[in-house]
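Let's take a walk through this structure together. Have a look at it first, then read on.

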Amino acid sequence: MNSSMIRVILGHVLKIEAAFLLLPCLIALIYREEEGYIYLCVAGGCALFGAFMSSIKKPKDTALYLKEGCVATALSWILLSLFGALPFCITKEIPSYVDSLFETISGFTTTGASILTDVEKLSYTSLFWRSFTHWIGGMGVLVFLLAVIPLSGGSNINLMRAESPGPSVGKLVPKIKSSARILYVIYFIMTTAEMGFLMLGGMNPFHAVTLSLGTAGTGGFGVLNSSIASYSPYCKWVITVFMILFGVNFNAFYFILIGKVKKFFEVEEVRWYLGIIAAAILLISINVYSIYGNVAATVQDTAFQVASIITTTGYSTADFNTWPMFSKVILVMLMFIGACAGSTGGGIKVSRIVIMLKTVKKELNNYSHPKSIKKIMFEKKALEHEVLRAINVYLITFIIIFTTSFTLISLENHDFTTTFTAVAATINNIGPGLEMVGPTGNFAFWGDFSKIILMLDMLAGRLELFPLLILFSPKVLKELLYDNLKLSVSNK
Amino acid sequence: MFGKKKETGEGLNIIIVGGGKVGTTLVEQLAQEGHDITIIDHDSKVVEGITNTYDAMGIIGNGASYSTQVEAGIENADLFIAVTNSDELNLLCCTVAKRAGNLAAIARVRTPDYSNEIDYFIEKLGLAMIINPDLVSSRVIAKILTLPMALDVTSFSHGRVNLVRIEIPENNPLCDKTIAQVGREGLIQQTVICAIERDGKVFIPSGDFIIRKGDILSFAASLRESRNFLKKLGFKTGQVKTCIIVGGGRAGYYAAELLIRSGIDVRIIEIDKSRCEKLSELLPDATIIHGDGTSEELLKEEGIEDVGAFIPLTGIDEENILLSLHAKKVSKAKVITRLTRNNFMEVVSGLDLGSVLYPKYITSEAIIAYVRAKNNTKGCNIETLYHMFDSRAEAIEFKIEQPGPVVDVPLSKLSLKKDLLIAYINRNGKIIIPKGQDTIKVGDMVMIVTIHKGFRDVQDILA
């Protein structure tokens, strides 16, 4: 395995994190908060460590095969979280390191599950960093790395492949660097647009910035204990619309960018996604109408909750724990469906679900015509057998990881709904679940062991399972350890 | 950045149809030079293999279909290259592409049926270039056989200068002398030693470089001068009289035709009866032998031991290598080996195969030379680009069109990059072998030999 190249990538990732950590320092400067010094120190530490890692020994071979790509990605995310958690812990705003790490991983993986009982006590600096981790994690730090750092060779597509969600990851334009840049340009434009719209609605600029960062990454960390409930209806609608937009496949936005607006609506996944949202809003609205007794309020709250759950953002304007069972079940289903592939959202992804439904239909058809041959079409193209196989295996792996985590955290003996939705909300990168982990609750009551399990679930969900599994497979771990031992010996 | 047409110098948007040997080589080399490459192939495995290794975008589909071309971004493409297996498909791809976008199109056409119609294609279909690797490699074969002591010969500046490659035998007058010493002894006058290969490494020699036996030496000189130089070194000149070609495919046909034209007696051994009949129609002056060219008995019967040149041109590289090794063993014939793949290059370069030709490099060189020239519409142009020593070194001809830092400065005052050499200056057809006090002038054509890659402008030679 090419572990020296992996080390170089990790070094670059840390340097980028150091640069990102300077933004909270700016906020500290504006609000004259002392926490800024701590962020500055952590940034310095990151930069030094990163520079050290990427320069100790130049790699002879710059090729990154799929395995290396996955391992580098998984390690990058773990390292990113380990360092990103330091400021929370050092400022004593979250005294326990495990809790800080949970909060940070929840941020980077755009989950938005919090262990804080009182968010409003945090400093502005830390609130900003919390929301900013969503933005970084939403599009992915390695995609950012590909956009800014010149890495030679074409095999870097494997980094993008390991980090970007979806059954098949392609490029928008021939050069990977330009592709990564286009993605970030779209991401940046849309985030600033949301900030603008929110500020137009009279929202406090700090709130507008942090909430936009949280929406863009489909994260879900708010700055108030009541999440979004206390903002004006206009702001709620703006956030609803942007949540839905950030759950759309970014390849579709590229069509708009190059002036092919019609093609945007021809993307099959986007059509399904919008259809599912519309259906869910309709069904839940009918179901909860009796609670509100007012069409405008019903549709507003339903649309917000549906958008927030399907895009796996996790903001809330209503306590859906108190909603009827039917509505809750639909929301839990939306948790698993998730957003589009190639968006910043999590979950299983609309395209996978649609393709699975199509295979079921094909299988049924095979029962009545056993010798019939029918290719499954998606986005007007026949799907390769390999893609179908990969999706099947993905679902099976998803179920295995889900049940294992479910079993492990059930040791804490909480009620079924809490335990089930805690795993569902973390592995799908949503944030709030139901009952004790519902919109008004949090994850503080879990023990450290369960928190670690849930952290791994969040990472597995964000990186789409396999990179993390490959990293933790004994063979790869052994290779990594062996290579690094060899390095330390040769350095002496 | 968003796929729009680009200004010059930023790299071109290039669409390549066909991910075979030539297609892959093109993707590799063009992506390295910073162009935006999209590859189209109908085989998803091929596309995946290429996009996993090189920084290129892949489209699965039929390259001649308009919608596939649109998907690949034909509107913004600058160049379209069709190198699938089928000539007709390549021509169709280019015809459709020419209508779909404002671009230059290059097609690979190999069948002899079309070889006389290339001018027609270029003119009527508006193609920028037609490449026929078999024909081009046959031209190389013919050149080698007319200067048989050379490993290979390439001509530049419309044939005024040749780049000749020779191996230095034991007790040669050049052995164990520095380049400067050789110059003082008058062995070199109107000749430049451009590059030397030793133990698989390529050197651009400076004055204190010592030549050893077994070195492979590449020098530039006019045709007459190169004959003189070779005579001084004690090589026998004169072209071969007879030649055996094994395999009567396209490559065999083109080679035979050219060799017969320069007065060489050609024998073709071909295993397929009907192909033999077809060949005897096409090449009435050649001797066509129906039989298995890999049979030692038959080769002996056809006089491999006394033949002037032996060229295995079967479709299988391994067979060609074995035949060459056999010929080297049993006869003194000049052997040329044509290899379509470049696997195990280290092993192959260690074998005694005579001159080795790689048609896919010949093809990609021609295209890359065109692409580079197209990408440099202003300033100093690349006129010709030639890969030496299995593309480990490059010979580049620059046209000087405007004043710049290298113009009108004595060469000894220029601080040139290491491993680089100015081979000659072509001033209005007169070849100048440069000395320290010579200068480059506007309008000159300058030939550079270097092991650096990716030179685009003559200014790149400065350190």
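## Two chains, step by step

A search of the whole structure turns up zero disulfides over all chains, where a disulfide is a pair of cysteine sulfur atoms within 2.5 Å. Keep in mind that this is a predicted model, where local features need pLDDT of at least 70, side-chain atom pairs count only at pLDDT 80 or more, and totals for chains, interfaces and linings use all residues. Residues are numbered from 1 along each chain as its sequence is written, chains are lettered from A and ligands numbered from 1 in the order in which they are written, and side-chain values use heavy atoms, with hydrogens and water left out.

Now for chain A. Its secondary structure comes to 22 helices and two strands; both are DSSP runs, numbered from the N terminus, with helices being H or I of at least four residues and strands E of at least two. Chain A is as compact as a globular protein of its length, because its radius of gyration is 22 Å, close to the 23 Å that the globule rule gives for 492 residues. That radius is taken over C-alpha atoms, and the rule is 2.2 Å times the number of residues to the power 0.38. In chain A, 59% of the 492 residues count as buried. Take the contacts (heavy atoms within 4.5 Å) between residues at least 6 apart in the sequence of chain A: 72% of them join residues at least 24 apart.

Chain B has 15 helices and 24 strands. Its radius of gyration is 23 Å, which agrees with the value near 23 Å for a compact globule of 463 residues. Along the principal axes, the C-alpha atoms of chain B fill a box of roughly 65 × 65 × 40 Å. Of the 463 residues in chain B, 55% are buried. For contacts in chain B between residues at least 6 apart in sequence, 61% join residues at least 24 apart.

Notes. Buried means under 20% relative accessible area, exposed over 50%, partly exposed in between (1.4 Å probe, protein chains only).
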